[in-house]
Amino acid sequence: MSTDLTRAASPERPIPRRPQLSEDVAGSIRQRIVTGVLQPGSFVRIDEAAAELGVSATPVREALVALRGEGLVEQVPHRGYRVNELSPQDVDDIFWLQGTIAGALAGRAAGNITTEHLGRLTALTDGLRAAVARSDTESVEYYEFEFHRSVNKIAGGSTLAWFLLGAVRYTPRVYATDRQWGDNAVRSHEELIEAFERGDAEAADDVMRRQFRQWDIV
């Protein structure tokens, strides 16, 4: 069984046409796997995927090789790439890893926080709140990403932030369409800012870990 990636990915923007697309294609297919759009056992064939995504075969081939290295797909001779099963434990481990790293970075950030930093984080939280209220999925993703990126920059842990970015690749973006998740995220940001204002590293770590646990959709 093959899957029509265009129909399955209708909420997302088409992949932009650029010379180097393999990472974009890998990200697109990866999201479909972790959200269950591409079911275990289904096939992603290079020519079909290239036509459906509007790219050449080369970036699709490179993307599938990368995803095979991640254990998300396996190559079946003469048939293409078959999607492997991502177990509930796999997903739980992904969120645990993200929460652990993000919590450590938040704890570090609590010791570096300034009035300017607090103003930036507050403005981003206000933006997230407004985006959630109007169900603006694109803006929810933007403000959520920028908030956490700002915390990581404040923490100054470039190595940990790099590992966190790698783990975030496996985070299903369906959270951005969930109103309850959005409301909880706003409250989590507010709690984190309060912890930063107190300089409470332990509380900042705990708040961040709990927010990432909300992303567990299994």
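Where is the place of H78? H78 sits in the loop between β2 and β3, where helices (H or I, at least four residues) and strands (E, at least two) are DSSP runs that are numbered from the N terminus. The model is predicted, so that local features need pLDDT of at least 70 and side-chain atom pairs count only at pLDDT 80 or more, while totals for chains, interfaces and linings use all residues. Residues are numbered from 1 along each chain as its sequence is written, and side-chain values use heavy atoms, with hydrogens and water left out.

## The sheet and its hairpin

Three strands make an open sheet in the order β1-β3-β2, with antiparallel pairing; two strands pair if DSSP finds at least two bridges between them. The edge strands of this sheet are β1 and β2, each of which pairs on one side only. Strand β1 (residues 43-44) is joined to strand β3 (residues 80-83) by two bridges in the antiparallel sense, and V44 stands opposite Y81 in β3. Strand β2 (residues 73-76) also runs antiparallel to β3, and four bridges join these two strands. Within β3, V83 is the bridge partner of V73, and Y81 in β3 stands opposite Q75.

β2 and β3 form a hairpin with three residues between them. H78, in the turn of this hairpin, has a positive phi of about 70°, although H78 is not a glycine. With a relative accessible area of 87%, H78 is exposed (buried means under 20% relative accessible area, exposed over 50%, and partly exposed in between, with a 1.4 Å probe and protein chains only). A positive phi, of about 55°, is also found at S135, which is not a glycine. S135 belongs to the loop between α6 (115-133) and α7, and S135 is exposed, with a relative accessible area of 59%.

## Two helix pairs

Two packed helices are described by the angle between their axes and the distance between the axes. Here axes are lines fitted to C-alpha atoms, for helices over the stretch in contact, and angles run from 0 to 180 degrees between N-to-C directions.

| Helix pair | Angle | Axis distance |
|---|---|---|
| α2 (residues 22-34) and α4 (residues 57-69) | about 55° | 8 Å |
| α7 (residues 137-155) and α10 (residues 201-213) | roughly 150° | within 14 Å |

Helix α2 packs on helix α4 at an angle of about 55°, which makes α2 oblique to α4; angles under 35 degrees count as roughly parallel, over 145 as roughly antiparallel, 65 to 115 as roughly perpendicular and the rest as oblique. The crossing of α2 past α4 is right-handed, a crossing being left-handed if the near helix is turned anticlockwise from the far one by less than a right angle, and right-handed if clockwise. On the α2 side the contact (heavy atoms within 4.5 Å) is made by S22, V25, A26, I29 and R30, and on the α4 side by P59, V60, E62, A63, L64 and L67. By class, this contact of α2 with α4 has eight nonpolar, one polar and two charged residues, where Ala, Val, Leu, Ile, Met, Phe, Trp, Tyr, Cys and Pro count as nonpolar, Asp, Glu, Lys and Arg as charged, and the others, Gly among them, as polar.

The axes of α7 and α10 cross at roughly 150°, and these two helices are therefore roughly antiparallel to each other. Their crossing is left-handed. In this pair, E144, H148 and V151 of α7 meet M208, Q211 and F212 of α10, and by class the contact has three nonpolar, two polar and one charged residues.

R61 has its place in helix α4 and counts as partly exposed, at 40% relative accessibility. From C-alpha to C-alpha, R61 and G80 are 10.0 Å apart in space, while 19 residues apart in sequence.

Is N152, at 15% relative accessibility, buried or exposed? N152, which lies in helix α7, counts as buried because its relative accessibility is 15%. When its neighbours within four places in sequence are left aside, N152 is in contact with L105, G157, A161 and L164.
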